[in-house]
Amino acid sequence: MKHFTRHIFIIGLCFSLFFNFAKAYPQSTAHQETLQADSIHGSYTFSLLTCGPGSESYTLYGHTAIRIVNEVAGEDFVINYGIFSFNQPHFMLRFLLGKPDYRVEAVPFAYFIQEYQLEHRWVKEQVLQLTNTEKETLMKAIANNLRPENSTYRYNIFTANCTTKAADIIESSLQHPLHAPSPAQSTYRSEVHKYLKSHPWNRFGVDLLLGVNADRILPQDKQVFLPEHLSDYFGAAKTEYEENTDKSDAQESTLTPFVSATNMLNPPTESAGSNETPLTTVCSPRNLLSFIALLVIVLSFCGYRRKRFFVPFDIAIASILGIAGCALLFMAFSEHPTVSLNTHILLLNPLYLFCICPLIGISRRNKSAMVNPDEYRQSKPVRIFLCGVIVLCAPLFILSSLIQQHADGTLLLSVALFIRYYFLLFRQASPAASR
């Protein structure tokens, strides 16, 4: 039950996706002065660190960082673009509105790797093939990022996270563009789904939040936004590596792999796996909403046969879907990409809330929870909103599946609601039915 409650909380706040690339470390400036060096020597090695997923919702997608090793000075530290603090003023509200501020810091490698060892998460290192000029350019760029006035940046879940920041600063330091095969066409939603196969509630929350834009084909330059994406991209890339010859000033250019060596720094000793329990597996979103949809259909059919509908059931439906609709409407004002245009608003609609008071009034006037459907039709607010929101929006929601992939179970629920309110509003009650 503990895990079930946790998942409901995650979905309610819509955080299951937004914390995916974040790692919180104590602020460390021990190595930042080192990065002010004006020249880079062969003793420096730059590597891309790719960290495997964990079991918590904000670790499901892994993590990316840059490792810098100075063999001569015995220095070993990590450049981490995923630092955030819950102590920032109004952090939660800013995060929902797509305005969170993250920062980059240099942390000791020993501290960085220790956390992943404790969590049994794998860490892969890819040593980058860089010339001395590229190393110097990269070091200066990182040093500039670490300056207090530059260390904070506006986080964006798909275009400005720990992975994209690392990719951008590395590629901008290269003398020649990388040569890599084009990745297969994909979408934000389909890529995120790959990490949520064992986490149905996280997937449900993500799918509720993401809108139409998450199902559009990504341009090639937008596909490297997850840690393993970048690792695969660098692993397959080649670079025009240039070396000065001793005989002349001419340079010899060869096409060589961008990754000179790959090391598994921390193989997983046990699966970081899923935190799903038998309860959350049986009560998956698909199963739960399918049960609710079946319940709606059964109660609607019984109500139609008996000419008596259970008003508190409709009040509960209006309250739950209306409040959920308010949350989706709030997210329409967020700066997070892909959430502004979301067809789930047709099903989870704030207009449901306008039906609650009239429905309560119907029950009180009849002094009974079981009410003849004629009473629904005689209440103008109920008739207007249920006709407009349910009978109009439910078919549109079903048709919108052509442009947006909906959360598990929501399509079946919309069909069930359409059936219920079709019977309630358009099937005439028997004249002999008691009132």
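Buried residues are those under 20% relative accessible area, and this cut-off applies to the predicted model shown in the following views.

Figure 1. The buried residues of helix 15 are Thr410, Leu413, Ser414, Ala416, Leu417, Arg420, Tyr421, Phe423, Leu424 and Leu425. An α-helix has 3.6 residues a turn, so residues three or four places apart point the same way. The cover over the buried residues of helix 15 includes helix 7 (200–209), helix 10, strand 10 (309–310), helix 11 (311–331), helix 13 (373–378) and helix 14. Helix 15 has 17 residues, which at 1.5 Å a residue should span 24 Å; the C-alpha atoms at its ends are 24 Å apart, in agreement with that expectation.

Figure 2. Asp408 belongs to the loop between helix 14 (380–399) and helix 15 (410–426). With a relative accessibility of 18%, Asp408 counts as buried, because the cut-off for that class is under 20%. The side chain of Asp408 makes a polar contact of 3.2 Å with the side chain of Arg286. When neighbours within four places in sequence are left aside, the residues in contact with Asp408 are Arg203, Phe204, Pro285, Arg286 and Leu289.

**Figure 3. Salt bridges around Asp207.** The side chains of Asp207 and Arg189 form a salt bridge, with an N to O distance of 3.0 Å. Asp207 is part of helix 7 and Arg189 is part of helix 6 (residues 188–193), so this pair ties together parts that are 18 residues apart in sequence. Asp207 and Arg189 are both buried. A network of salt bridges links Arg189, Arg203, Asp207 and Asp215. Arg203, a member of this network, is also among the residues in contact with Asp408.

**Figure 4. The salt bridge between Arg67 and Glu125.** The structure holds 13 salt bridges, and one of them joins Arg67 to Glu125, with the closest N and O atoms 3.1 Å apart. This pair links distant parts of the chain, since Arg67 is in strand 2 (residues 63–70) and Glu125 is in strand 5 (residues 123–128), 58 residues apart. Both partners, Arg67 and Glu125, are buried.

**Figure 5. The salt bridge between Arg121 and Glu119.** The side chains of Arg121 and Glu119 meet in a salt bridge with an N to O distance of 2.9 Å. Arg121 is buried, at a relative accessible area of 1%. Glu119 is partly exposed, at a relative accessible area of 32%.

**Figure 6. A nonpolar surface patch that includes Leu288.** Leu288, Phe291, Ile292, Leu295 and Leu299 form a nonpolar patch on the surface, and together they have about 380 Å² of accessible area. Leu288 is located in helix 10 (residues 285–306). The relative accessible area of Leu288 is 31%, which places this residue in the partly exposed class.

**Figure 7. Lys307 and its positive phi.** Lys307 is in the loop between helix 10 and strand 10. Most residues other than glycine have a negative phi, and most peptide bonds are trans. The phi of Lys307, in contrast, is positive, near 60°. Lys307 is buried, with a relative accessible area of 16%.

**Figure 8. Helix 12 and Lys367.** The buried residues of helix 12 are Ile356, Pro358, Leu359, Ile362 and Ser363. These buried residues pack against helix 11, strand 11, helix 13 and helix 14. Helix 12 is followed by Lys367, whose phi is positive, near 50°. Lys367 lies in the loop between helix 12 (356–366) and strand 11 (370–371). At a relative accessibility of 78%, Lys367 counts as exposed.

**Figure 9. The protein chain as context for the close-up views.** The protein chain contains 15 helices and eleven strands. Of its 435 residues, 50% are buried. Among contacts in the protein chain with a separation of 6 or more, 80% are between residues 24 or more positions apart.

Key
Residues numbered from 1 in each chain as written. Predicted model: local features only at pLDDT ≥ 70, side-chain atom pairs only at ≥ 80, totals over all residues. Heavy atoms only, no water. Helix = DSSP H or I, 4+ residues; strand = E, 2+ residues; numbered from the N terminus. Buried < 20%, exposed > 50% of the residue type's maximum accessible area, 1.4 Å probe, protein only. Polar contact = N/O pair within 3.5 Å; in protein donor to acceptor, adjacent residues only side chain to side chain. Contact = heavy atoms within 4.5 Å. Patch = residues over 30% accessible without salt bridge, like charges linked within 9 Å, V, L, I, M, F, W, Y side chains within 5 Å. Areas by Shrake-Rupley, 256 points an atom, 1.4 Å probe, with all protein chains shown as cover. Salt bridge = Lys/Arg side-chain N within 4 Å of Asp/Glu carboxyl O. Expected span 1.5 Å × (residues − 1).
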